[in-house]
Amino acid sequence: MDSKLQRVKLSDGHFIHALGYGTYKPQEVPNSETLEATKLAIDAGFRHIDTAYVYQVEEEVGQAIKSKIAEGRVRREDIFLTSKLWCTFHRPELVQHGLKTSLKKLGLDYVDLYIIHSPVSMKPGEELFPTDEQGKTLFDTGDICATWEAMEKCKDAGLAKSIGVSNFNRRQLEMILNKPGLKYKPVCNQVECHPYLNQSELLEFCKSKDIVMIGYAVLGSNSGKEWLNKDNPVLLEDPVLVALAQKHQRTPAQVALRYQLQRGVVALAKSFNKERLQENFQVFDFQLTPEDMKALDGLNRNIRYFPDSQFCHHPDSPF
Ligand SMILES: NC(=O)c1ccc[n+]([C@@H]2O[C@H](COP(=O)([O-])OP(=O)(O)OC[C@H]3O[C@@H](n4cnc5c(N)ncnc54)[C@H](OP(=O)(O)O)[C@@H]3O)[C@@H](O)[C@H]2O)c1
């Protein structure tokens with residue numbers, strides 16, 4: 001077991017597990033799948049669980065955690081749970097309400113990490129993706145620094161142990177880092193990250209500021225098909241990845257996960273399948289060589305599986 005790579009220290013002193021279980025699912029998949037899969041993930045060894053208000057599975061994620069606590073398999077403090085502030089809750093007076101709504105759904109008193117899901121603000125209200133009569137997204141004129149100050153208050157209130165951001169570019173991170181009177185800096189930036197979009201420049205910047213990068217779509221995703229560009233190549237079929245998997249007698253998914261861990265990126269992986277879930281957790285007992293890492297670095301080609309088409313017309317769109 002490579003215990004050195006299993007947990008990463010955050011700038012606020014808390015630790016995050018380097019491998020996390022992702023709970024995003026397409027709408028057509030019943031929520032009961034998330035409940036069962038999250039329980040299987042905990043059984044497989046995952047202790048870091050990533051969810052979000054917008055995934056609409058917080059009830060099931062909370063139920064899965066509580067059932068594993070009731071079974072005596074884990075304690076609440078063994079689990080590192082992340083949820084995310086959705087874009088319709090960016091106004092400072094709504095931030096704590098957004099978090100309390102998530103906590104109520106989860107049935108828990110606190111999350112370990114609460115992150116701003118995206119720098120783009122949308123019109124407050126019940127709708128997750130508010131639109132006008134023409135179907136155009138209704139944005140809000142957000143001040144991300146004011147949202148951040150409200151996030152700081154959530155940490156002070158003990159509702160979130162750590163606070164961070166997601167889908168922020170360097171300029172947006174700098175806006176927060178340079179904010180006058182900053183009380184807590186973001187502990188993380190959760191972004192799409194895989195060999196086809198390795199985010200090396202952003203990673204270097206984050207490391208220089210002691211911000212942990214958390215990668216999503218590390219396996220190339222393919223859930224949420226309505227958001228994905230179907231012309232994109234399938235990451236796990238990439239010949240370099242496949243050859244490295246053969247060399248190490250592993251699977252392409254394990255190599256893709258291990259690649260992130262060795263570069264200091266916390267990796268999320270989602271699966272609803274018991275065998276693949278277990279497979280994804282078996283990444284602490286082999287090592288990629290510097291040459292392997294270089295070959296994987298060479299695959300970078302600016303392919304985004306999440307093109308952010310809904311947000312690209314907003315001035316705060318990060319990409
Ligand atoms: N912050 C953000 O904006 C953001 C955006 C997207 C995602 N996320 C988070 O990141 C998590 C992971 O991203 P993701 O769900 O998009 O994609 P992902 O983890 O890269 O890929 C998931 C897909 O890969 C398949 N898969 C899983 N393990 C596999 C294996 N060992 N071999 C072959 N295929 C495998 C899964 O299918 P099966 O289920 O059939 O195994 C699923 O279809 C999400 O669940 C969510 O928590 C955050």
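Trainee: Let us start with R47. Which residues does R47 touch, leaving out those up to four places away in sequence?

Mentor: Please keep in mind that this is a predicted model. On that basis, R47 touches H17, I42, V74, D78, I79 and F80, once residues up to four places away in sequence are set aside.

Trainee: What does the side chain of R47 reach in I42?

Mentor: The side chain of R47 reaches the backbone oxygen of I42, at 2.8 Å.

Trainee: And where is the place of R47?

Mentor: R47 sits in the loop between α1 and β4, the latter spanning 48-50. For orientation, R47 and N31 are 16 residues apart along the chain, and their C-alpha atoms are separated by 20 Å.

Trainee: Turning to α1 itself, at what angle do α1 and α2 pack?

Mentor: The angle is about 35°, and the axes of α1 and α2 are 8 Å apart. Helix α2 covers residues 58-70. The crossing of these two helices is right-handed.

Trainee: Which residues in α1 and α2 meet?

Mentor: From α1 there are N31, T34, L35, T38, K39, I42 and D43, and they meet E60, V61, Q63, A64, I65, S67 and K68 in α2. By class, this contact divides into five nonpolar, five polar and four charged residues.

Trainee: How do the axes of α1 and α9 cross?

Mentor: The axes of α1 (residues 31-44) and α9 (residues 274-281) come within 9 Å and cross at roughly 40°. That crossing is right-handed. The contact is made by A37, L40, A41 and A44 of α1 together with K274, L277, Q278 and F281 of α9. Its residues comprise six nonpolar, one polar and one charged.

Trainee: Now the ligand, please. How many residues surround the ligand, and which are the closest?

Mentor: The ligand is surrounded by 29 residues, the closest being D50, S221, N222, S271 and R276. In terms of class, the shell has twelve nonpolar, twelve polar and five charged residues.

Trainee: Which element gives the largest share of that shell?

Mentor: That is α9, with three residues.

Trainee: How far is an oxygen atom of the ligand from a polar backbone atom of Y24, of A217 and of F272?

Mentor: For Y24, the distance from a ligand oxygen to a polar backbone atom is 3.0 Å. The corresponding value is 3.4 Å for A217 and 2.8 Å for F272.

Trainee: What percentage of the ligand's accessible area does the protein cover?

Mentor: The protein covers 89% of the 900 Å² of accessible area that the ligand has on its own. Two or more residues of the shell come from each of β10 (266-269) and α9.

Notes:
Residues are numbered from 1 along each chain as its sequence is written. This is a predicted model: local features need pLDDT of at least 70, side-chain atom pairs count only at pLDDT 80 or more; totals for chains, interfaces and linings use all residues. Side-chain values use heavy atoms; hydrogens and water are left out. Axes are lines fitted to C-alpha atoms, for helices over the stretch in contact, and angles run from 0 to 180 degrees between N-to-C directions. Helices (H or I, at least four residues) and strands (E, at least two) are DSSP runs, numbered from the N terminus. A crossing is left-handed if the near helix is turned anticlockwise from the far one by less than a right angle, and right-handed if clockwise. Contact means heavy atoms within 4.5 Å. Ala, Val, Leu, Ile, Met, Phe, Trp, Tyr, Cys and Pro count as nonpolar, Asp, Glu, Lys and Arg as charged, and the others, Gly among them, as polar. A residue is near a molecule or strand if one of its heavy atoms lies within 4 Å of it. A polar contact is a pair of N or O atoms within 3.5 Å; within protein, one must be able to donate a hydrogen and the other to accept it, and residues adjacent in sequence count only if both atoms are side-chain atoms. Accessible areas come from the Shrake-Rupley method with a 1.4 Å probe; for residues, only the protein chains shown count as cover.
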